[in-house]
Amino acid sequence: MQNFENKTIVITGAGSGMGRAYALEFARLGAKLALNDFDARSLAETVTLLKGTPARAVFSQAFDVGDKQAMNAFAAEAKSRLGNAHVVINNAGVGGGGKPVWAMDDDVYARTLQVNFFGVLYGTRAFLPQLLANGEGAVVNVSSVFGLVGTPNSSDYCASKFAVRGFTESLMVELQESPISVHLVHPGGVKTNIASGVEGGEEFTQKYLKTDPRDVAVRVISCIRSGKQRIVCGHQSSRLWLASWAMPLEQRNRVLHREMKDLLDPVHYNFLNTHS
């Protein structure tokens with residue numbers, strides 16, 4: 001796709017961070033926007049920011065992307081108000097529990113996977129028939145650099161983002177001969193609130209989350225136009241992408257442990273000393 005004017009763009013997680021940046025950039029291009037976020041207040045703030053932009057129309061709905069029925073209802077209502085979707089950006093996500101495997105509760109794993117993976121699955125499946133009906137379109141699924149390498153205190157988050165990667169790469173092959181392009185985004189350290197409320201999140205944010213969300217949005221739009229399918233961008237993203245395929249696993253694990261050791265909670269890791 002080259003032109004987004006008067007086209008319907010669906011963006012989940014549009015209440016802040018990258019989702020809000022996608023909304024503002026597509027608005028500048030004269031698109032129609034169907035926006036979601038779990039947080040109704042932050043979503044309303046995004047809608048307010050869109051006033052006065054060239055956006056042709058804005059429809060917003062607050063709900064949990066991990067709720068399949070709510071996603072299907074959103075897709076139907078967006079079609080009714082704006083017409084068939086042309087671009088779907090499955091961006092919504094949560095940061096996970098921020099603890100090592102042995103200290104993480106099962107329900108935290110379930111919640112992280114429900115939002116980060118099943119939210120992408122439901123969003124893709126709900127809107128894909130609309131893209132196919134148009135005879136053109138793009139699916140943009142947001143993984144992470146933590147969908148390239150496993151990192152400590154992030155097993156639930158990494159599992160969800162690796163799942164998004166596998167799902168999306170399969171979809172790329174399945175739609176190879178269709179008019180629908182499929183794109184997989186691996187953002188690095190982008191300045192969002194993804195780590196808010198996560199144990200150690202403030203320190204993680206200060207150390208690693210440095211890239212302006214608008215830079216990512218502009219890059220993704222450029223890649224939709226060019227057809228580039230894997231999009232690795234953001235602070236330290238190239239370094240981790242290189243490590244994911246060029247560095248032996250044992251060496252990579254040592255490097256990641258050394259790099260992130262200061263973020264590990266000694267209380268949790270005393271478990272290793274008492275059980276070794």
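Reply: Helices (H or I, at least four residues) and strands (E, at least two) are DSSP runs, numbered from the N terminus. This is a predicted model, in which local features need pLDDT of at least 70 and side-chain atom pairs count only at pLDDT 80 or more, whereas totals for chains, interfaces and linings use all residues. Residues are numbered from 1 along each chain as its sequence is written, and side-chain values use heavy atoms, with hydrogens and water left out.

Me: What follows α1?

Reply: After α1 comes Gly30, which has a positive phi, near 80 degrees.

Me: How many residues does helix α1 have, and how far does it reach from its first C-alpha to its last?

Reply: The expected span of a helix is 1.5 Å times one less than its number of residues. Helix α1 (residues 17-28) has 12 residues and reaches 17 Å, close to the 16 Å expected.

Me: Why is α1 described as largely enclosed by the rest of the structure?

Reply: Buried means under 20% relative accessible area, with exposed over 50% and partly exposed in between (1.4 Å probe, protein chains only). In α1, 9 of the 12 residues are buried, so the helix is largely enclosed by the rest of the structure; among these buried residues are Arg20, Tyr22, Glu25 and Phe26.

Me: In what order do the strands of the open sheet stand?

Reply: Two strands pair if DSSP finds at least two bridges between them. Here 7 strands form an open sheet with parallel pairing, in the order β3-β2-β1-β4-β5-β6-β7. Because β3 (57-62) and β7 (230-233) stand at the edges with a single partner strand each, one side of each is left without a neighbour in the sheet. Strand β5 (residues 137-142) pairs with β6 in the parallel sense over 6 bridges, and Val140 stands opposite His183 in β6.

Me: Which residues touch the most other members of the largest nonpolar core?

Reply: A nonpolar core is a set of buried Ala, Val, Leu, Ile, Met, Phe, Trp, Tyr and Cys residues joined through side-chain atoms within 4.5 Å. The largest such core has 32 residues, of which Val10, Ala34, Met71, Phe74, Phe127, Leu128 and Leu131 touch the most other members. Elements giving two or more residues to this core include α3 (68-82), α4 (106-134) and α5 (155-174), and the largest share, 9 residues, comes from α4. A second, separate core of 31 residues includes Phe26, Leu50, Val216 and Cys233.
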